[in-house]
Amino acid sequence: MLGSAISFVVSLSLILLTRVFMMSNLIYQNKKEVSQILTQINQYVYNNFGIHNSYATQNSIYNSLLVRQDNDYCRKSDLYKYYHPDVLMKDTYFIREVRGLIKEILQDHYFDGIPQMQFFRKNTEIPPKYSFPLQLTLPFNYYDQVLTRFKETNQSMCLFWKNNHMQQRHSLSHKDNLQNNYYNYLQKLRQNNLDPECLLNATYIPRSYRLFQKDECIDFFNHLNSAAYKEKEKADGPQFITKLGLEVHRGRGIVVLFPHEVENIKNDYGNGKKCGQVKELKVVQQYINNPYLYKGHKIEFRIYFVFASTLPIIAYAHDKALIRRCAKPFDKFSIEKAAHVCNTAILKQTLAKEGKNPEIQDDNDEIEGDEFFIDWKLDQLQRMLLEQGKIKDPQWLQNYLYPIVDRSIIHAIRSAEHTFSKDSKLAEFFAADFLLTDDFQVYIMEINYNPQTLKSTPLRIINHTKMVKDMIDIQNAYIRSKYLRIKKLIKKLIPRITRQGKKLSEIMDEDLHKEIQKIYHDKLDQGIQLSEDNQFRLELKLTKI
């Protein structure tokens, strides 16, 4: 009896082992060939597209994520996803090193590959303690260290990854770069003999002078010393503000040129004699002194937009806008910065001076309450304008404001696109701050990457949760489409490789080169679409001019 039981257990074990072995062979069928093809495709992409050693900088000596270097990681990760499609097609594995609302949202809805991950700036002493999980598809980092902080940079960007940063994002976010690209873009359009209306449509920044350009600097001080300027200043208040380039946001570096500040800038530049000598990346921009007012306060509205890819450039604008009002009532002669700059950091400073104690939420540094952040949709602005009789079209947003906003963002992207690395692994999250005048002119004031996510009210947490999930939905849709295209190609290549007994590199011809290029370019296909309720529903059409 006991012998029969033992025989039964042994037989059952053998059956199970045989089944596991057969399933393993079935799942990992042609593993050698698949591994070879994935490696060759990744090498081809590395040699021909944007992610390459030019990303490596002197900062590559730092390991700010405490992640172990693994030169074979991408091969293992890509191979794992090939044979386990659910980790990419159904699940989402991410990493993020900075705490805050975005990380909380990601952890609530997706799989955190390294939950304990933190950021250690310029770390050379703390030894690595983590490894990237093979399932990882979305390194959703706050900083761009996945691009720049690894010695084996190409190995840290795998075929089935979508990175939420592009190194050249500063082409839009740095004020000096934004101005440089804008001026060069307009010049190019003029050289193409575009008609005046087209040029006017491409004008999205107020008149500006780049003081780091000698000729423009001299022109500015000539104007500043003119009788016409003095008369205009006396009648209408300050005519210009100054901004600093590079990574300067949250109101830092913004100076309204009142008479005292005019004298300061004259001293700094020797009233124009030091133009070409002062190397500071300072921009002087026309001050818009006729803003549309909400309850007597100047307002700005923020439009969020994302790059889904840079190969080709695919961008989506968010359907909602955050409207912010300045802390102080608007008076064009007021010397209070808080009356002119609608910025959270300026607002916090103003309330602190008044003895108030605004509640700060985590690392988002935002103010509690709806008093200064008006609404999450521009419909309220449209309703106010209709009630005030300033507009008559009930579809004013769709027929007037949104087309101008979208066109401005498109022109801004077009002006900087020549600087972008072209790679379908890259994405980015931006916010453009707009100003509306009382005669309905619309200007971009600045563009930020990694824009702050408000955690000031329950409603804003809900709205930002939806926005982050929609961003992930976009990134997932494009990476899943590409995954299916690559998988189809591999299945087509396997018989050819096994039949000829050659490596992919040995049968690579012009037609195969073109096919790999085609499938590597981002697009939505293979039955993949964005979720129907995705609020980044407006794809910005970046057609050639």
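Trainee: What is the relative accessible area of Cys 342, and is the residue buried or exposed?

Mentor: This is a predicted model, in which local features need pLDDT of at least 70 and side-chain atom pairs count only at pLDDT 80 or more, while totals for chains, interfaces and linings use all residues. Residues are numbered from 1 along each chain as its sequence is written, and side-chain values use heavy atoms, with hydrogens and water left out. Buried means under 20% relative accessible area, exposed over 50%, and partly exposed in between (1.4 Å probe, protein chains only). Cys 342 has a relative accessible area of 3%, so the residue is buried.

Trainee: Which residue is joined to Cys 342 by a disulfide?

Mentor: A disulfide is counted for a pair of cysteine sulfur atoms within 2.5 Å. For Cys 342 the S to S distance to the partner is 2.1 Å. That partner is buried too, at 0% relative accessibility, and the residue is Cys 326.

Trainee: How many residues apart in sequence are Cys 326 and Cys 342?

Mentor: Helices (H or I, at least four residues) and strands (E, at least two) are DSSP runs, numbered from the N terminus. Both cysteines lie in the loop between strand E10 (313-325) and helix H13 (344-353), so the pair ties together parts whose separation in sequence is 16 residues.

Trainee: Which parts of the chain does the disulfide of Cys 74 and Cys 158 tie together?

Mentor: The sulfur atoms of Cys 74 and Cys 158 are 2.2 Å apart, and the link is left-handed, with -80 degrees about the S-S bond. The cysteines are 84 residues apart in sequence, so the pair ties together helix H3 (residues 73-83), which holds Cys 74, and, for Cys 158, the loop between helix H6 (145-148) and helix H7 (170-173).

Trainee: What is the handedness of the disulfide of Cys 217 and Cys 275?

Mentor: The sulfur atoms of this pair are 2.0 Å apart. Cys 217 is in helix H10 (residues 214-224), and Cys 275 is in the loop between helix H12 (259-268) and strand E7 (282-286), 58 residues apart. The torsion about the S-S bond is about -70 degrees, so the disulfide is left-handed.

Trainee: What is the pairing of the bonded cysteines in sequence order?

Mentor: The structure holds three disulfides. When the bonded cysteines of the chain are numbered in sequence order, the pairing is 1-2, 3-4, 5-6.

Trainee: What is the relative accessible area of Cys 198?

Mentor: Cys 74 is buried, at 3%, and Cys 158 is also buried, at 0%. Cys 198, in contrast, is partly exposed, with a relative accessible area of 31%.
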